Amino acid sequence: MANEVVRLDKVRRDYLVGDQVTTALDGVDLVIERGEFVAIVGPSGSGKSTMMNLIGCLDRPSAGTVLISGDPTNELSDNELTSLRSKAIGFVFQQFQLLPNTTAIENVMAPLLYQGISSKQAKKSASQMLTKLGLGDRLNFDRNRLSGGQQQRVAIARALVTSPDIVLADEPTGALDSKTGAAVIDLLKDLHREGRTIVLITHDLEIAASAPRRVFLRDGQIERDERGIR
Amino acid sequence: MRFLGTAALALNRIWATKVRSMLTMLGVVIGVAAIVALTSIVDGASQGINKSLATLGTNQLNITAMDPDALTELDANALAELENVSVMFVQSQNEGTIATGDTRVNARLVGVSSKYFQAVKPEIALGSYLSSSSFAQTAKDVVFGADAANDVGLTADMLGETVKLNGQDFRLVGVLDDQAGFGTSGRVYVTLDSARKLFSQYPYVSSIVIQANTPEQVDALQLTADSLLRERYGLGADTDARYTITNQASLIAAVSSITDTLGLLLTGIAAISLIVGGIGIMNIMLVSVRERTREIGVRRAIGAKQSNILTQFLIEAIVLSLAGGVIGLILGEIAAFFLAILGDWVFAIKLDTVVLALGFSLLVGVVFGVWPARTAAKLEPIDALRFE
C-alpha cells in the first residue's frame, strides 16, 4: 500500500459536451507502484488525456476513487488539489510549455516559489537540477535561445526540481525530431533507473515500447496491461 | 509564492510588453494630468480673485447706488456718525472721454475721496497715487488705470503732461499696474471735487465704502447702515431700496463657492477620462488573460494556486494604473507650473492633489483589474492547458 503512488478504483469520467454526456473513462482500475516506468498508450479519443488529468490532479473523477500518493482527490478543494499536485506531480508537456519572458533557471525555480520556498534556496536547487541535465551553461538563456531538445530538458528539470512522486510526461517527444526525441526518452530511462516513477502518455507504439510496462487504452477502458521489455 | 515574487512577475510582464503597457497607461496618464492641471487652474483663479477682494479687507461694506441719484455725500456723512464705523472712501463715476494729442477714447471717469488709495492700495506702475496736494481744491490731477493708459497709448515720458478728460485739462501724475486686479481696468481716477466739475452730479455718489472696527461687527453694521439709509429715504422695511449693501466676507464666500463648484465640475469631467482609462486597462487585461491562457494553465499545473494567479494579474493592472497616475501627476504639475507663470499666480505642489491623483489611479487599477484577474484565476487548469 505504501508503495502505491497511483490507485484508480472503478474510475469513471463523464463530460458534458453541449447537452450530451460523453464518457471518457469508464470503470478503470489501475495501480502504479513507486519506481515504475509506465506508458499509457492509445489513439486519440481513447481516454489517455483524461487519465493524465486525473493522475496529474488537474481533474477529479465523476465516479470511483483516485488516490495519488495515498490521498483521495475526489473531495479536495481547488486549493488542496493544487497543493497535492505541487507536491506529488511533475509535468512534462508536449510543447515544452516554458513560461514566456523567463530564463531557463526562472522556469525551473517557479514550482519551488509556488511552494513558498525562498528565492535563494529555489535558485540553488534549480541551478543544480539544470546542471545535472547538462544545461549548467544555459541558466540565464531565455527560451528563444534554446533548441527544442534543450527546452524539453529545461521542462524536465522543472518537473524534477520539486522531487515529485510521479513524473507525468505527456507526449514529451511529440515536438522533437527523432534523434532529439530518442535522447529525451533515454533521459527518462535514466531517471527511472535512479528510482523515479515515470508515467509516459503517448499514442506512439515505438515510444511506448521503451517503457517496461504498457497500459493500452481504447474507448475509455483498459484493453491490455503489458509488462516486460519487448 | 511570496508577494514580492508575484509582484516581480507582474513587473517583468509589463516590461516585456513596454509599448502596449505605455499605450494602456495613456488613458490614466491623460485623466490624472487633466485633474491636476484643472485643479491648479481653479486654485489659481480663486487665489487671484480672493487676493483682489482681500485687499479691500473683510470688515468692509460696499454700499452701491443702483440709480445715479440714489446715494449722496450727505449719506456718507450720516453713516460716519454711526458707532464702531469709519467711512473709508466715497466714489463717484461716470462715462466720459480721455484724450492725449490726437487719441481720444471712452473711459470710466472715477472720482474718489482722499482715503481711496490708502484703502485699496492698487499697484503703481508709474508716478504716484493722487497725493494730498491733488486733493487741494484747485489741483486737477489724474491717475490712469492700466487699460485706460494702454487705450490712449501713454508712455513714461508723458508723466506730468496734460491729458484731456471730457475736454478739460488734467495733469497726469501716475499709472496703475492693475492688470491682474479686479474691476479697476479701463478707468481713470480723479478727486471727487474734479469729478464734480467733469459731470455735475453733486451731491450724488455711486458708492460708499464703510468699515467696521472689527470683522465681527460687520454683520451688525450692515443692518444698522441699512436701517439708517431707509430712514433717511423714508423707506419701509419691505420696500426695495435703490442701493445694495455688499459684505466683502460674504462676497469672498460666494466667490469661493463658485470656484469650488467650478473645480468640482472640472474634476468630474477629468474623472470621466480616468474611468475611460480604467476601462482601457480592463480591456487590455482581458485580452492579456485570453492570450496567456496556456501560460495560466502551465502555472496552475506546476503548482500556482488561484490566489497566485489573481494576485499576479491584479498587481499588473494596479502597476499599470499607478504608473499612469505617477506620469500623469508629473505631466499635470509641469502644466500647472507653466499655467501659473501665464496666469501670474503662485505655483505649489499640494499634498492633497498628489494623494488624490495617486489614490484615484490606485482605485482605478483595483476596480478595473479585479474582473480580469478573477477571470484568470477561475480558469480550469485542464481547459487552460488545452486552449489553442
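Residues are numbered from 1 along each chain as its sequence is written, while chains are lettered from A and ligands numbered from 1 in the order in which they are written. In this predicted model, local features need pLDDT of at least 70 and side-chain atom pairs count only at pLDDT 80 or more, whereas totals for chains, interfaces and linings use all residues.

**Exercise 1.** Find the order of the strands in the open sheet of chain A.

*Solution.* Start with the terms: helices (H or I, at least four residues) and strands (E, at least two) are DSSP runs, numbered from the N terminus. Two strands pair if DSSP finds at least two bridges between them. Four strands of chain A then line up as β2-β1-β4-β5, with antiparallel pairing. At the edges are β2 (20–33) and β5 (71–72) of chain A, each pairing on one side only. Next, look at β1 (residues 4–17) and β4 (residues 63–68) of chain A: five bridges join them in the antiparallel sense. One to look up is Asp9(A), whose bridge partner in β4(A) is Thr65(A).

**Exercise 2.** How do the axes of α1 and α10 of chain B cross?

*Solution.* Axes are lines fitted to C-alpha atoms, for helices over the stretch in contact (C-beta atoms, placed from the backbone, within 7 Å); angles run from 0 to 180 degrees between N-to-C directions. For α1 (residues 3–16) and α10 (residues 306–343) of chain B, the axes come within 8 Å and cross at roughly 50°. That makes α1(B) oblique to α10(B), since angles under 35 degrees count as roughly parallel, over 145 as roughly antiparallel, 65 to 115 as roughly perpendicular and the rest as oblique.
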